[in-house]
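Q: Please take a close look at one part of this structure and describe how its elements are arranged.

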Amino acid sequence: MAIIHDVMPVFELFQPTTVDDTLALLETYKKDAWVLAGGLDTFDWLKDRNKRRKVVVDLSGVEELRGVKTTADGGIEIGAATTLTNLVKHPFVKEKYPILTQAAELVASPQIRNQGTVGGNVSQDTRCWYYRSGWSCYRAGGNICYADTPTAINREHALFDANRCVAVNPSDTAPALIALDAKMVIRSSDGERVVDAEDYFIGPSIDIMRMTVLRPGELLTAIRVPATWAGAEFYFEKVRERQVWDFPLVNVAATLKVANGTIEGSRIVVNAVAARPMRLTSVEDAVAGKPRNEETATMAGELAVQGARPLAHNGYKIPLMRNLVKRAIRGEAQA
Amino acid sequence: MTVQAQTPQEPSHVSRRAFIKVVIASGAAVSASAYLFRAPTLLGQSSLPGAVERLMTLNVNGQMRRVDVLKQETLATTLRYKLGLTGTKLGCDRSECGACTVLIDDVPHYSCSILTHTVRSQKILTVEGLESANGTLHPVQQAVVDEQGFQCAFCMSGFIMATVGYLKANPNPTRAELAHGISGNLCRCMDYDKILRSMTRAAEYMQRAT
């Protein structure tokens, strides 16, 4: 599709300064409202005329959504509109949860990190290029998946849990947050609910048109990272075609508690292989109590890719994912 | 309104003429109300929280510029087409190429991907604002001239702004750090080697100046 360089189609803009005002606006306009944080996902949709809303609610003026606070239990609470750069620069995060610093630093480009938010990074829509080009696929309300036809180019697409749609979740911070057992704080005018980061994301078998559990009228306000995994051993690696800007082909985030060379507990998450970040509970169970060595790492890698169903062009993701999980268990220094 | 008035409950009581009068009168009241509610809007107290006024004052290159901005307008559009600051280039318009990079409160941003209304209270610096009042080039500009850093130079102002922003945060970078720091910009002439040479020299100039 030709790139349109014209001004975006008209919308009504609101710039509330408090979360309460924001929620009131979202309650008033419901499905007509679009939440704008950094805008790096938003503007593509609006500029390409592929999605349209009557009302845009800009969160840039809501001070209480920004910044990283330490909580009473020794964990942290990240405001959803904290920019990725500010998360990367935060000394406490870097000291206790370097996996999060690493993941945020590997997102996109400097300018995008200066503007893009943590909440936006986890809540962003999939980057399937058929869907984002405005084709009326399942995810867009149609009845075909263009990425899964005999002639489709689907190098970036899913290995697991595809259900009609084969798009993947492109977030880098999401697997790191799940590995840290983070909690997502969601508010609406009805009140607050807190969901595990793991359950924040949904696949096409639950709702093919959404990436997260957020409903119209709801706002992700904060992400709480408990102290449970602070100071554990971390591993994060992202593989992409270009060493800047690009979305992951596969990324892996792992937190491990190791004592005397034995893995006592772990959380291992892989993203960009399914419509939601995949927590590999079978691998976690299998490596528990095992010595941290090459044999365990190899076993973990093999187990991780069990059940993968490659499409025409994304078969390379299987060895990629296998090796990333293997390296995560080994915990070797990143290349 | 017309539809409501035509509901058939009491048709006999409303003559056609009276009905038209009512329509005209209520129309006048509605349009007058716009004037009644205008004053509080200007004071920032409109009925809905966070409503936005199109006329604004924008701090660009140290000047306060009055400008009428559409709600859906990006900063790049305002700078280029409303304020005549065409040094900021529009390449991809999708936050991919970096040609539109400007500094917002000293931090590099893609101006194609931020609403002008979002930055109404912030300081914007474009490539036009770099040289000093007496016409002396900014060290980064001077380094680009001295090294002949660009071929077609469409991407140049974006690269210069990204470098100025990066050097504020890290004034003494290695070449690799610099490459990483300005990696959000693309050059289709593939002149990266010369660009990096210019920007390394720029860092030297900046240090010498301070």
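At what angle do helix H5 (residues 139-147) of chain B and helix H8 (residues 192-209) of chain B pack, and how far apart are their axes?

A: In this predicted model, H5(B) and H8(B) pack at an angle of about 135°, and their axes are 8 Å apart. That angle makes H5(B) oblique to H8(B). The crossing in which H5(B) passes H8(B) is right-handed. On the H5(B) side the contact is made by B:Pro139, B:Val140, B:Gln142, B:Ala143, B:Val144, B:Asp146 and B:Glu147. H8(B) contributes B:Lys194, B:Arg197, B:Ser198, B:Arg201, B:Ala202, B:Tyr205, B:Met206 and B:Ala209. By class, the residues of this contact are 8 nonpolar, 2 polar and 5 charged.

Chain B also holds an open sheet of 5 strands, in the order E2-E1-E5-E3-E4 and with mixed pairing. Strands E2 (63-68) and E4 of chain B stand at the edges with a single partner strand each, so one side of each has no neighbour in the sheet. From one strand to the next the twist averages 40°. Within the sheet, strand E1 (residues 55-60) and strand E5 (residues 123-125) of chain B pair in the parallel sense over 2 bridges. B:Val60 stands opposite B:Ile124 in E5(B). Helix H6 (residues 156-169) of chain B packs on the sheet, where it touches strand E3 (101-104) and E4 of chain B. The direction of H6 makes about 30° with that of E3(B).

Notes. Residues are numbered from 1 along each chain as its sequence is written. Chains are lettered from A and ligands numbered from 1 in the order in which they are written. This is a predicted model: local features need pLDDT of at least 70, side-chain atom pairs count only at pLDDT 80 or more; totals for chains, interfaces and linings use all residues. Axes are lines fitted to C-alpha atoms, for helices over the stretch in contact, and angles run from 0 to 180 degrees between N-to-C directions. Helices (H or I, at least four residues) and strands (E, at least two) are DSSP runs, numbered from the N terminus. Angles under 35 degrees count as roughly parallel, over 145 as roughly antiparallel, 65 to 115 as roughly perpendicular and the rest as oblique. A crossing is left-handed if the near helix is turned anticlockwise from the far one by less than a right angle, and right-handed if clockwise. Two residues are in contact if their C-beta atoms, placed from the backbone, lie within 7 Å. Ala, Val, Leu, Ile, Met, Phe, Trp, Tyr, Cys and Pro count as nonpolar, Asp, Glu, Lys and Arg as charged, and the others, Gly among them, as polar. Two strands pair if DSSP finds at least two bridges between them.
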